[in-house]
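Q: I would like to learn how to read a structure of this kind, feature by feature. Could we take it up with the chains in view?
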Amino acid sequence: MNYFGELFFSGLTRGSIYALLALGYTMVYGILSLINFAHGEIYMIGAFTALIVASVLTMKGFSSIAIIVLAGAVAVAYSAAYGFTVEKIAYKPLRQAPRLSPLISAIGMSIFLQNYVMLAQTSDFLPYPNLLPPIPFFDRFSSVIGPSELSIVLTSAILMILLTLFIKFTRMGKAMRATAQDREMAMLVGVNVNRVISTTFIIGSALAAIGGILIASHTGRINFYIGFTAGIKAFTAAVLGGIGSIPGAMLGGLVLGLTESFATGYISSDYEDVFAFALLVLILIFKPSGLLGRATNQKV
Amino acid sequence: MSMDKVLEVINLTLNFGGLCALDNVCLEIKKGEIAALIGPNGAGKTTLFNCLTGIYKPDAGDIFIYPPQGKQHRLNNLKINQITALGIARTFQNIRLFSGMTVLENVMIGRHCRSGAGIAGAILRDKGTRDEENLIVNDSYKILEIIGLDSYVNDLAKNLPYGAQRRLEIARALATEPFLLLLDEPAAGMNPQETKELEKLIYQLRDDLNLSILLIEHDMKLVMNLAQNIFVLDYGEEIARGTPQDIRKNPAVIKAYLGVEASA
Amino acid sequence: MKITDELKKSLFIALWFILLTFPIMVIRVNTIDQVVVWRWTNLFYVGIGSFTLSFLLQLFLKKRNQSAKTISATTSPLRRLLDEPKFSRPALILIAIFTLIFPLIFSHYQINIMTTALIYVMLGLGLNIEVGLAGLLDLGYVAFYAVGAYSYALLNYHFGLGFWTLLPVGALLAAFFGILVGFPVLRLRGDYLAIVTLGFAEIIRLILENWNEFSFGPSGISNIPRPGFFGINLSSEQSAIYMYYLLVVFCLLAIFVIRRLKNSRIGRAWNALREDELACQAMGIDKTKIKLAAFALGATWAGIAGVLFAAKTTFINPASFTFMESAMILSIVVLGGMGSIIGVIIAALAIILLPEYLRVFSDYRMLLFGAALIAMMIFRPQGILADVRKKYEFHKTNNSRMTR
């Protein structure tokens, strides 16, 4: 398996996770024009919750499969609940406020959640068990792509397809698209905007939680701060693809993952995070609308 | 009154994606003239203003200005603030005052491009800077007196009644010492009494301050009273131009505003 | 008995939070030692805490809705107090005296803390230029702070130049970086501007951390000399006192300069920029010039603070210049009331000094920050002290008199 191929699949794996996270950012931004700074923390809480449930169940002697399923399900439910709650506390009261206020509130929530987990748990890096379902079928491809990596890529792909179908064909999906285009008008035609917004946060948080579990299982460790770096990178991916655009978030995630992988592989691995930030800065300066986004004209 | 032109627009074209907002529009304003730009909603009037003031860049065509003191300029690629500094000022259709600032300060902002104190001046507050500040304050107050807003001088702009806010927009634009004033629906939302006062004010501005004025308006009575020359746009194209008498009887104009039956 | 509605709602909210925080608060996991600890008492804390908070909140909101006043119409009692010359003048004199004799009363340790607080006052005032006056949301302010600190440390290390030589150098380099950062972001709106500045700051920090040949990496630079006092060698106690007075002088300088800037032609232009960028340009203001000026001037104070910080602690490393720092400085500006100089000073002193003197809360400092930011934005977005506009006075004479 040559070096290029390794880097490629490793980049694909990273990219899938970024895509999952980026979806949450892009959906919220599309509807509320808000950068949900706390989204990275939801991802981290999802991973932590899975860890906690898994640890407890392990001690009680549950089977591996049961642990994986239960930990995953509980983590997703909890992340969705956290996302829902965060929106109600920090963003809903500020819907009519000038743009600066919800942004600062989001930063405050991000800081709060990070420290909440750090104080309630620990500031150390904790080893993370492998919560990926073992599928022997995947071992077949291990010369090309590792089984855990394959799980991640496939899971992400399935989730993204499901999301796209949801947005396109369900009533709620249509309501979400309408609200993203014109919130007031959607309200006037009878869309329950509050419910749409809550659903957006719930879905985004659920995806983030799965992403969190996947990546923590893959890297084998977790700590309260992983949300910050992953969050910034996922936001980069969302912007790269065109903020507000769901296919854009997916594309952006993959592009970022691959770029990072190849850059760290061929240029330098010390500056891994720098590549993501540099990419972010460059895109925002030269093409703020992103790859798939459209520049919007303001009526003067 | 000299008959030199101050503004010349030649074949101005602007597209938004697939939509043609302005299609080969031509316009001419003479010195000391009050001209009006009318047309149904969505005709492209404000879009034209935005092109003139540098907010939009036209896709084709030219905009030339001929300041009374100074040389001719082509406005096409200039920045918004450069165009204002050259002497074209505007008001906005949706009021865009600095609502958290006082009435006086709003007008003082207009004086920015006619003053020069910089960072050093701000910090040191030397005599030159202090004199300039005093001058700015006095000049701004004088403008408020002309417009009739001096009683509101220290009130916050957002607390003003609607009609006063519209007049403050004009005051602010005047502070930039323009030779050409673009008014975007100055009478919108005004009652007949306020509109009458506005009419008097616009005459006063033209006569006392030697301004040329182009206004977008829907209030036909005001337009017919004020304008010496009227341009009519519909769907981005010019459909008529002429004196108020010409326009009043022009079938194309009547059709655009009222539909086919009315012109019969 | 309308109160039962609120009680029921609070009960529901308490239950929700108990359930929500159950895994993280109650179950502590340690996979290194393979231990799981159950802390059931936390359930009660969460329950009682959220019940009480939500109940009080509902009462507060009910009261606020009943009273006719809006938020913007009420001037805070603090502001009314400060406006009263009978109070403000003696208060100012007392503060001045206290500031002067502070080092003579308090211990070496406390002088150091106060000096740190003053550094944050300066940082808050500097960021206030960008965020409060010009409305440019800079989330990467700490980068300029780092430029100041590292330029002192490195230029001193390589060329042996002293504090007083390098202080203006640090300031100028920071200003230069301000323009460098400001230039590409001129077109960007609020959120985008925030993220790009954050990105820039992180890039700078990562470079400092990894480019060992240049910056000595994570281990940082030590043995940075303290500022010289006419060539005399000072003991560490004397140096601390010297540092304190230096900081006081520079803070006063910052206050003076920023006040002047605020009430000047460029201050008004910044105000207009913040209110409505398009209308601002339409009135003839060159937004490029004033945005770059805001970045440069804001960055300068961070640079000065950086040099002073390096000289005070004699050791710097990249860990002092994280996003958390930027967030904290931003908190100071926001909580203080954007644009308000006194507000920023109070906020900086509160944020730095309170955790020191309320030791029991120090672990929770960041947690409370986060909560304070959220609460502030919801209940009092204008900050502790809303900014007050200067009033101009007129008597129909040829010259005008401006008050305050």
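Q: Why does Glu177(B) count as partly exposed?
A: The idea is to count neighbours: a residue is buried if 20 or more other C-beta atoms, placed from the backbone, lie within 10 Å of its own, exposed if 12 or fewer, and partly exposed in between. Glu177(B) counts as partly exposed because it has 19 C-beta neighbours inside 10 Å. This is a predicted model, in which local features need pLDDT of at least 70 and side-chain atom pairs count only at pLDDT 80 or more, while totals for chains, interfaces and linings use all residues. Residues are numbered from 1 along each chain as its sequence is written, and chains are lettered from A and ligands numbered from 1 in the order in which they are written.

Q: Where does Glu177(B) sit in chain B, and what is its phi?
A: Most residues other than glycine have a negative phi. Glu177(B), although not a glycine, has a positive phi of about 55°, and its place is the loop between α6 (162-175) and β7 (180-184) of chain B. Helices (H or I, at least four residues) and strands (E, at least two) are DSSP runs, numbered from the N terminus.

Q: In which element does Asn24(B) lie, and why is it classed as partly exposed?
A: Asn24(B) belongs to strand β2 (residues 19-30) of chain B, and its phi, near 50°, is again positive in a residue other than glycine. Asn24(B) is partly exposed because 14 other C-beta atoms lie within 10 Å.

Q: Which strands make up the open sheet of chain B, and in what order?
A: Strands of a sheet pair through backbone hydrogen bonds, either parallel or antiparallel. Here two strands are taken to pair if DSSP finds at least two bridges between them. The open sheet has 6 strands in the order β6-β7-β8-β3-β9-β10 (chain B), with mixed pairing. Its edge strands, each pairing on one side only, are β6 (88-90) and β10 of chain B. Direction ignored, neighbouring strands of this sheet are turned by 20° against each other on average, where axes are lines fitted to C-alpha atoms, for helices over the stretch in contact, and angles run from 0 to 180 degrees between N-to-C directions.

Q: How does β9(B) pair with β3(B) and with β10(B)?
A: Strand β9 (residues 229-234) of chain B pairs with strand β3 (residues 34-38) in the parallel sense over 4 bridges, and within this pairing Ala36(B) has Ile230(B) as its bridge partner, while Ile38(B) stands opposite Val232(B). With strand β10 (residues 237-242) of chain B, β9(B) pairs in the antiparallel sense over 5 bridges, and there Leu233(B) stands opposite Glu238(B). β9(B) and β10(B) form a hairpin with 2 residues between them, and Tyr235(B) in the turn has a positive phi of about 50°.

Q: Is β9(B) mostly covered or open?
A: Strand β9(B) is mostly covered, with 5 of its 6 residues buried. For chain B as a whole, buried residues make up 45% of the 264 residues.

Q: Which helices pack on this sheet, or lie across its strands?
A: Contact is judged from C-beta atoms placed from the backbone: two residues are in contact if these lie within 7 Å. Helix α1 (residues 45-52) of chain B packs on the sheet, touching β3, β6, β7, β8 (212-216) and β9 of chain B, and its direction makes about 145° with that of β7(B). Helix α7 (residues 192-209) of chain B lies across β3, β7 and β8 of chain B and runs at about 150° to β8(B).

Q: What domains does chain B have, and how many residues join them?
A: Domain bounds come from an automatic or database domain assignment. For chain B this assignment gives domain 1 (1-87 + 178-264) and domain 2 (101-177), whose C-alpha centres lie 27 Å apart. In the contact between them, 10 residues of domain 1 of chain B meet 8 residues of domain 2 of chain B. On the domain 1 side, α2 (80-86) and β7 of chain B each supply at least two residues, and α2(B) gives the most, with 3 residues.
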